[in-house]
Amino acid sequence: VHRLRAGTADLDRSTAAFVNVDNATLKQSTAGVVIGKSVACDEVRTGILVSPMVRGDVHTWFDLRTAFAIGLGMAIGRALIGAGRALVTRR
């Protein structure tokens with residue numbers, strides 16, 4: 001499947017590039033991007049997973065927790081660099 005947009009979807013042993021659904025059940029599948037309100041997984045691999053509610057066995061490269069951690073790290077890094085520059089210009 002290239003692009004899937006639906007209210008509810010059940011994928012079994014499938015490959016999808018982009019999945020945008022309200023409720024999804026994926027079993028033994030692979031997906032590039034999965035966006036949904038509720039996603040149930042069984043042996044699923046995804047590149048990017050965006051969903052507040054995920055149940056089951058899913059292996060993802062980039063999800064909401066990872067995005068939050070990266071964003072927080074970047075904000076802290078910028079603050080530290082700014083503080084360092086302020087100390088250097090004071091002298």
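In which strand does methionine 53 lie?

Mentor: Methionine 53 lies in strand β4, strands being DSSP runs of E with at least two residues and helices runs of H or I with at least four, both numbered from the N terminus. The model is predicted, so local features need pLDDT of at least 70 and side-chain atom pairs pLDDT 80 or more, while totals for chains, interfaces and linings use all residues. Residues are numbered from 1 along each chain as its sequence is written, and side-chain values use heavy atoms, without hydrogens and water.

Methionine 53 counts as partly exposed because its relative accessibility is 43% (buried is under 20%, exposed over 50%, partly exposed in between; 1.4 Å probe, protein chains only). Leaving aside residues up to four places away in sequence, methionine 53 touches Lys37, Ser38 and Val39 (heavy atoms within 4.5 Å).

The structure holds one salt bridge. Lysine 37 counts as exposed because its relative accessibility is 56%, whereas aspartate 22, at 35%, is partly exposed.

Methionine 53 also belongs to the lining of the largest pocket, together with Leu49, Val50, Ser51, Pro52, Val54, Val58, Thr60, Asp63, Leu64 and Arg65. A pocket is an open set of points on a 1 Å grid, with protein on both sides within 12 Å along at least five of seven lines, and lining residues have an atom within 4 Å of a point. The volume of the largest pocket is about 150 Å³, taken as the space filled by probe spheres on the points. Strands β3 and β4 (53-62) and helix α1 (64-90) each supply at least two lining residues. The most come from β4, which gives four.

Two of the lining residues, Val58 and Thr60, also touch threonine 46. Threonine 46 lies in strand β3 (residues 30-50) and is buried, because its relative accessible area is 8%. Its other contacts beyond four places in sequence include Ala31, Gly32, Val34, His59 and Trp61.

How values were computed:
1 Å grid on protein atoms, 1.4 Å probe; cavity = no way out; pocket = protein on both sides within 12 Å on 5 of 7 lines; lining within 4 Å. Salt bridge = Lys/Arg side-chain N within 4 Å of Asp/Glu carboxyl O.
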